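Please look at the sequence and the structure as they come up, and keep both in view while I speak.

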Amino acid sequence: MARNIEIKARIASIEALLPRARALADGDAQRIDQDDTFFRVPHGRLKLREFADGGAELIHYQRPDTPAARLSDYVRTPVPQPATMRESLDRALGAIGRVRKQRLLLMVGATRIHLDRVQGLGDFVELEVVLRDDQGEHDGTLMAERLMHELGLAAAPRIAGAYLDLLAA
(Lines give C-alpha, C1' and ligand atoms only; values in the text may rest on other atoms or scores of the structure.)
Protein backbone atom coordinates (compact mmCIF):
# COMPACT_ATOMS: atom_id res chain seq x y z
CA MET A 1 0.00 0.00 0.00
CA ALA A 2 1.38 3.39 -1.02
CA ARG A 3 0.89 6.37 1.31
CA ASN A 4 1.32 10.10 1.11
CA ILE A 5 0.50 13.24 3.02
CA GLU A 6 -1.59 15.60 0.96
CA ILE A 7 -2.44 19.28 1.11
CA LYS A 8 -4.66 20.95 -1.48
CA ALA A 9 -5.21 24.71 -1.70
CA ARG A 10 -6.74 27.27 -4.03
CA ILE A 11 -4.23 29.67 -5.61
CA ALA A 12 -4.64 32.94 -7.53
CA SER A 13 -2.84 31.60 -10.59
CA ILE A 14 -0.39 28.93 -11.67
CA GLU A 15 1.67 31.57 -13.48
CA ALA A 16 2.18 33.54 -10.26
CA LEU A 17 3.31 30.48 -8.26
CA LEU A 18 5.36 28.72 -10.94
CA PRO A 19 8.62 30.73 -10.50
CA ARG A 20 8.72 30.01 -6.77
CA ALA A 21 7.89 26.31 -7.32
CA ARG A 22 10.61 26.05 -10.00
CA ALA A 23 13.16 27.60 -7.63
CA LEU A 24 12.47 24.83 -5.07
CA ALA A 25 12.14 21.95 -7.54
CA ASP A 26 14.74 19.37 -8.51
CA GLY A 27 14.01 19.88 -12.22
CA ASP A 28 11.65 21.54 -14.65
CA ALA A 29 7.88 21.12 -14.69
CA GLN A 30 6.26 18.28 -16.59
CA ARG A 31 2.85 19.00 -18.17
CA ILE A 32 0.24 16.28 -17.78
CA ASP A 33 -3.31 16.48 -19.14
CA GLN A 34 -5.67 14.32 -17.05
CA ASP A 35 -9.29 13.24 -17.42
CA ASP A 36 -10.59 11.54 -14.25
CA THR A 37 -13.89 9.65 -14.15
CA PHE A 38 -15.06 8.84 -10.61
CA PHE A 39 -17.21 5.83 -9.76
CA ARG A 40 -19.59 5.05 -6.90
CA VAL A 41 -17.89 2.82 -4.32
CA PRO A 42 -18.72 2.03 -0.66
CA HIS A 43 -15.27 3.02 0.69
CA GLY A 44 -12.91 5.77 -0.39
CA ARG A 45 -12.83 7.00 -3.98
CA LEU A 46 -12.25 5.17 -7.25
CA LYS A 47 -11.24 6.96 -10.42
CA LEU A 48 -10.10 6.04 -13.87
CA ARG A 49 -7.41 8.53 -14.87
CA GLU A 50 -6.82 8.92 -18.58
CA PHE A 51 -3.83 10.78 -20.00
CA ALA A 52 -3.54 12.72 -23.26
CA ASP A 53 -1.03 10.18 -24.59
CA GLY A 54 -3.62 7.36 -24.37
CA GLY A 55 -2.30 5.85 -21.14
CA ALA A 56 -4.54 5.29 -18.14
CA GLU A 57 -4.62 3.99 -14.59
CA LEU A 58 -7.26 2.99 -12.09
CA ILE A 59 -6.73 4.63 -8.71
CA HIS A 60 -8.46 3.76 -5.45
CA TYR A 61 -7.68 5.98 -2.48
CA GLN A 62 -8.89 6.64 1.02
CA ARG A 63 -8.31 9.84 2.94
CA PRO A 64 -10.29 12.06 5.29
CA ASP A 65 -12.05 15.11 3.84
CA THR A 66 -10.34 17.77 5.92
CA PRO A 67 -8.48 20.93 4.90
CA ALA A 68 -5.53 19.95 7.12
CA ALA A 69 -2.58 17.92 5.87
CA ARG A 70 -3.97 14.40 5.64
CA LEU A 71 -2.83 10.85 5.15
CA SER A 72 -3.93 9.19 1.93
CA ASP A 73 -3.39 5.55 1.10
CA TYR A 74 -3.80 4.48 -2.48
CA VAL A 75 -3.44 1.76 -5.08
CA ARG A 76 -2.65 2.53 -8.73
CA THR A 77 -3.21 -0.04 -11.48
CA PRO A 78 -2.24 0.45 -15.15
CA VAL A 79 -5.18 0.17 -17.54
CA PRO A 80 -4.36 -0.89 -21.12
CA GLN A 81 -7.89 -0.31 -22.50
CA PRO A 82 -9.34 2.74 -20.75
CA ALA A 83 -12.50 3.16 -22.86
CA THR A 84 -13.60 -0.41 -22.18
CA MET A 85 -12.66 -0.12 -18.52
CA ARG A 86 -14.68 3.11 -18.15
CA GLU A 87 -17.71 1.45 -19.75
CA SER A 88 -17.39 -1.63 -17.51
CA LEU A 89 -17.03 0.41 -14.33
CA ASP A 90 -19.90 2.71 -15.31
CA ARG A 91 -22.16 -0.28 -15.93
CA ALA A 92 -21.15 -2.04 -12.71
CA LEU A 93 -20.77 0.86 -10.28
CA GLY A 94 -22.11 4.00 -11.90
CA ALA A 95 -20.05 7.05 -12.77
CA ILE A 96 -20.56 9.98 -10.39
CA GLY A 97 -18.55 12.67 -12.12
CA ARG A 98 -15.63 13.73 -14.21
CA VAL A 99 -12.72 16.08 -13.55
CA ARG A 100 -10.56 17.40 -16.37
CA LYS A 101 -7.36 19.23 -15.58
CA GLN A 102 -4.02 20.40 -16.86
CA ARG A 103 -1.33 19.64 -14.34
CA LEU A 104 2.24 20.83 -14.01
CA LEU A 105 4.26 18.37 -11.95
CA LEU A 106 7.42 19.45 -10.14
CA MET A 107 9.43 17.31 -7.73
CA VAL A 108 11.06 18.48 -4.51
CA GLY A 109 12.78 15.38 -3.18
CA ALA A 110 10.00 12.82 -2.62
CA THR A 111 7.30 15.50 -2.72
CA ARG A 112 5.18 16.06 -5.79
CA ILE A 113 4.04 19.63 -6.36
CA HIS A 114 0.98 19.65 -8.61
CA LEU A 115 -0.07 22.97 -10.11
CA ASP A 116 -3.55 22.18 -11.38
CA ARG A 117 -5.83 24.14 -13.69
CA VAL A 118 -9.16 22.38 -13.22
CA GLN A 119 -11.83 22.86 -15.86
CA GLY A 120 -14.73 24.81 -14.33
CA LEU A 121 -12.92 25.51 -11.03
CA GLY A 122 -9.69 27.43 -11.54
CA ASP A 123 -6.15 27.02 -10.22
CA PHE A 124 -4.92 24.94 -7.30
CA VAL A 125 -1.77 23.57 -5.73
CA GLU A 126 -1.65 20.03 -4.41
CA LEU A 127 1.31 18.69 -2.46
CA GLU A 128 1.86 14.97 -2.08
CA VAL A 129 4.66 13.95 0.26
CA VAL A 130 5.29 10.32 -0.64
CA LEU A 131 6.08 8.40 2.54
CA ARG A 132 8.67 5.67 2.79
CA ASP A 133 7.78 2.61 4.85
CA ASP A 134 9.87 3.92 7.73
CA GLN A 135 8.21 7.38 7.75
CA GLY A 136 5.17 8.24 9.78
CA GLU A 137 2.29 10.63 9.18
CA HIS A 138 3.88 13.26 11.44
CA ASP A 139 7.09 13.33 9.35
CA GLY A 140 5.14 13.86 6.13
CA THR A 141 2.92 16.53 7.66
CA LEU A 142 5.96 18.53 8.80
CA MET A 143 7.49 18.29 5.32
CA ALA A 144 4.25 19.36 3.61
CA GLU A 145 3.68 22.31 5.95
CA ARG A 146 7.27 23.47 5.53
CA LEU A 147 6.93 23.36 1.74
CA MET A 148 3.64 25.30 1.87
CA HIS A 149 5.50 27.96 3.86
CA GLU A 150 8.42 28.00 1.40
CA LEU A 151 5.94 28.42 -1.47
CA GLY A 152 4.40 31.40 0.33
CA LEU A 153 1.12 29.53 0.77
CA ALA A 154 0.91 29.07 4.53
CA ALA A 155 -2.33 31.11 4.61
CA ALA A 156 -3.77 29.88 1.29
CA PRO A 157 -7.40 28.65 1.47
CA ARG A 158 -7.21 24.87 1.76
CA ILE A 159 -9.58 22.38 0.16
CA ALA A 160 -11.09 19.58 2.25
CA GLY A 161 -12.28 17.14 -0.39
CA ALA A 162 -11.64 16.26 -4.02
CA TYR A 163 -12.06 18.49 -7.06
CA LEU A 164 -15.12 16.37 -7.82
CA ASP A 165 -16.75 17.63 -4.59
CA LEU A 166 -16.11 21.25 -5.58
CA LEU A 167 -17.62 20.68 -9.02
CA ALA A 168 -20.72 19.10 -7.44
CA ALA A 169 -21.21 21.98 -4.98
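Let me begin with a question: where is the place of Ala160? Ala160 sits in the loop between helix H3 (137–150) and helix H4 (163–168). Before I continue, a word on conventions. This is a predicted model, in which local features need pLDDT of at least 70 and side-chain atom pairs count only at pLDDT 80 or more, while totals for chains, interfaces and linings use all residues. Residues are numbered from 1 along each chain as its sequence is written, and side-chain values use heavy atoms, with hydrogens and water left out. Helices (H or I, at least four residues) and strands (E, at least two) are DSSP runs, numbered from the N terminus.

Let us stay with Ala160. Ala160 is partly exposed, with a relative accessible area of 27%. On this scale, buried means under 20% relative accessible area, exposed means over 50%, and partly exposed lies in between (1.4 Å probe, protein chains only). Leaving aside neighbours within four places in sequence, Ala160 is in contact with Pro64, Asp65, Thr66, Pro67 and Arg70, where contact means heavy atoms within 4.5 Å. Ala160 and Pro64 are 96 residues apart in sequence, yet their C-alpha atoms are 8.2 Å apart in space.

I turn now to the overall fold. The strands form a closed barrel of 8 strands with antiparallel pairing, in the order S1-S5-S4-S3-S2-S6-S7-S8. From one strand to the next, the twist averages 35°. Helix H1 (residues 14–24) packs on the sheet and touches S6, S7 and S8, its direction making about 165° with that of S7. Helix H2 (residues 82–92) also packs on the sheet, touching S2, S3, S4 and S6, and its direction makes about 155° with that of S3. For these angles, axes are lines fitted to C-alpha atoms, for helices over the stretch in contact, and angles run from 0 to 180 degrees between N-to-C directions.

Let us follow the pairing around part of the barrel. Two strands pair if DSSP finds at least two bridges between them. Strand S1 (residues 2–10) and strand S5 (residues 70–78) pair in the antiparallel sense over 5 bridges. Within this pair, Ala2 stands opposite Tyr74, and Asn4 stands opposite Ser72. Strand S4 (residues 56–62) is antiparallel to S5 over 6 bridges, with Ile59 opposite Arg76.

Strand S3 is joined to S4 by antiparallel pairing over 6 bridges, and Leu48 has Leu58 in S4 as its bridge partner. The hairpin of S3 and S4 has 4 residues between the strands, and there Gly54 takes a positive phi near 95°. S2 and S3 run antiparallel and are joined by 6 bridges; Gln34 has Phe51 in S3 as its bridge partner. In their hairpin, with 5 residues between the strands, Gly44 takes a positive phi near 65°. S3 is mostly covered, since 6 of its 7 residues are buried.

Neighbours within four places in sequence aside, Pro78 is in contact with Ala56 and Glu57. Arg98, found in strand S6, is partly exposed, with a relative accessible area of 34%. Not counting residues up to four places away in sequence, Arg98 touches Asp35, Asp36, Thr37, Glu50, Arg86, Leu164 and Leu167.

Finally, which residues lie nearest the centre of the largest pocket? They are Arg49, Ile59, Arg103, His114 and Glu128, out of a lining of 27 residues. That lining divides into 10 nonpolar, 4 polar and 13 charged residues; here Ala, Val, Leu, Ile, Met, Phe, Trp, Tyr, Cys and Pro count as nonpolar, Asp, Glu, Lys and Arg as charged, and the others, Gly among them, as polar. On a 1 Å grid over the protein atoms alone, a pocket is an open set of points where a 1.4 Å probe fits, with protein on both sides within 12 Å along at least five of seven lines, and lining residues have an atom within 4 Å of a point. S1, S2, S3, S4, S5, S6, S7 and S8 each supply at least two residues of this lining.
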